[in-house]
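Colleague: I'm new to reading structures. Could you walk me through this one, feature by feature?

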Amino acid sequence: MKRILLPAGGAILATGLLAAGLAGTAQADDTVAKDDLAKTAAQAAEVIDFWTKSDNAALKKAVAFNPDALEVEKISSGGGYSADTKPGSTAPIGEEKKSTAKVQNVNLPKTIGKVFFEYRDGSLYWCSGTSIQSQYRNLVATAGHCVYDIAANDEVVSRWVFVPGYYQGKAPWGIYVGKQAFTHYDFDVYEDFDRDYAFVTVYDGIGGVANKSTKVTPSEYAAHIAKGGKGYVKETPITAEEFAAGYEKYGEAGPYKSAAADPKVESVAKPSDAAAKIEDYISKGVNGVKLVGVEVTESVYKNAPAGLDNGNKFERLSKEISISQEEYKKLVAEKGDGKFLGSLRVTKDANGTETAWFKTQYYVKKWIKSTSQIEYWVEDYYVVEHAVKSVGRLGDNVGGQGFAWNQPTGKYVRTFGYPFGPHLDGNKPFTGVTPKWCYGKTAKNVLRIPSKKVEEQMSFKCTVTAGYDGAPWLYKYSNSKRLGYVNGVTSLIADTDSNKRYDTITSPYFDGETAAIYKAASASWSGKLIP
């Protein structure tokens with residue numbers, strides 16, 4: 001450890017609730033650094049709007065945060081870490097008075113998710129994180145560099161949210177806006193990666209993000225659209241009698257009348273005066289009724305009777321006509337494809353040379369009536385806006401992992417996170433869509449990485465890539481309950497054998513000072529965004 005601490009007891013808490021306190025954990029006035037992320041409800045509402053508008057477009061645009069680039073780092077190992085106080089732990093949510101059962105199958109914890117944030121250059125990133133036990137069930141554990149802008153000393157990132165169970169733009173348990181970030185003073189001020197952890201309080205979750213339609217006046221609709229908003233106009237049909245009521249009844253909604261267009265055509269029986277006015281019925285129609293021809297095959301035509309009824313032969317249209325050789329060849333191909341229903345004929349001279357070409361198309365009669373359609377309607381105007389609702393506290397929705405400090409190294413842990421970035425050789429084995437896990441013992445020797453001021457970090461063999469930053473290291477993880485104790489978070493992802501493939505992840509050692517910071521964060525209330 002690097003800093004002098006006050007005496008501490010560090011006892012394990014049987015109930016785990018913060019009402020009992022982290023009694024005996026090391027504390028110092030200059031240990032806890034606390035910074036606002038979204039201090040007011042108005043600021044938090046802007047954050048929610050930023051990430052959720054256009055069907056969560058910003059969430060989908062974010063990429064895995066990768067500050068590591070350790071391929072040229074000098075990495076060495078040293079002696080094991082010495083605890084500053086006795087080991088201690090806080091039970092997970094729901095397990096405060098229960099014992100942990102041992103099972104073999106690996107199940108992903110409901111508490112894990114992605115941390116999204118905006119860097120000062122406008123880039124959108126994500127890390128991994130987990131819900132963790134707290135008095136108000138409102139706390140997230142992740143890496144310090146997933147909360148603090150390491151390129152700008154003493155400055156938090158912007159628009160920080162946690163989305164448990166995130167999957168391809170979906171937030172199944174809501175989106176939780178960060179209110180305050182708690183970390184070690186040495187990371188906040190000096191960017192000391194031996195303290196690369198953060199505990200973030202979050203407001204109650206926002207879910208049910210959808211498009212809400214609100215009926216407005218035409219003038220309100222026009223103003224909304226002029227500002228870049230979205231909306232639509234709904235047309236409701238009315239009768240001619242209703243149309244006659246006019247503006248006094250409908251106001252700005254109408255009524256409206258269409259021009260006589262797009263006639264409706266229907267089949268009718270042969271009119272009684274068909275024979276007397278046959279030429280008029282064929283050329284221009286009478287009272288909307290007209291005689292037209294329907295093309296059929298030669299066999300259908302030959303089997304049809306003569307006369308003026310529907311389906312009778314239409315002799316005047318079914319005549320052989322002369323065509324060009326080019327059209328003849330085209331129709332031969334179309335007849336083979338079934339596109340031409342008629343018959344073809346060609347004449348040849350004494351030498352067999354084609355001299356003339358003919359086609360015959362076959363038609364039967366069909367009587368139709370065409371009526372112009374006039375439509376009447378009124379218009380209702382709607383604007384479309386985001387509609388959100390409160391889904392409650394984070395811990396109530398997904399639970400929360402326990403917290404442990406001053407635990408011995410060389411113990412088995414499981415880590416869960418969302419790797420996505422490529423290895424140093426360009427290979428990209430992870431999609432970042434679903435979480436991955438690693439299992440094994442933490443190394444007893446600590447890693448030393450001078451450029452990151454690392455002297456006391458734990459390490460763990462795990463071949464993940466960027467995006468796994470902030471992933472929880474869970475001690476005594478129960479696969480049946482999907483709960484354990486957060487005993488570290490992924491800080492750095494390293495290539496320790498220089499083969500251009502990441503093989504090791506690191507975490508700060510959680511000691512009494514970490515417990516003091518956790519205690520301060522876990523007792524901090526955040527509140528609701530929507531009543």
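**A loop residue and a strand**

Modeller: Let's start with Asp149, which sits in the loop between strand E7 (139–142) and E8. Helices (H or I, at least four residues) and strands (E, at least two) are DSSP runs, numbered from the N terminus. This is a predicted model, where local features need pLDDT of at least 70, side-chain atom pairs count only at pLDDT 80 or more, and totals for chains, interfaces and linings use all residues. Residues are numbered from 1 along each chain as its sequence is written, and side-chain values use heavy atoms, leaving out hydrogens and water.

Colleague: Is Asp149 buried or exposed?

Modeller: Buried means under 20% relative accessible area, exposed over 50%, partly exposed in between (1.4 Å probe, protein chains only). Asp149 has 3% relative accessibility, so it counts as buried.

Colleague: Which side chain does the side chain of Asp149 make a polar contact with?

Modeller: A polar contact is a pair of N or O atoms within 3.5 Å; within protein, one must be able to donate a hydrogen and the other to accept it, and residues adjacent in sequence count only if both atoms are side-chain atoms. Here the partner is the side chain of Tyr119, at 3.1 Å.

Colleague: And how many residues of strand E5 are buried?

Modeller: Seven of the seven (residues 112–118), so E5 is largely enclosed by the rest of the structure.
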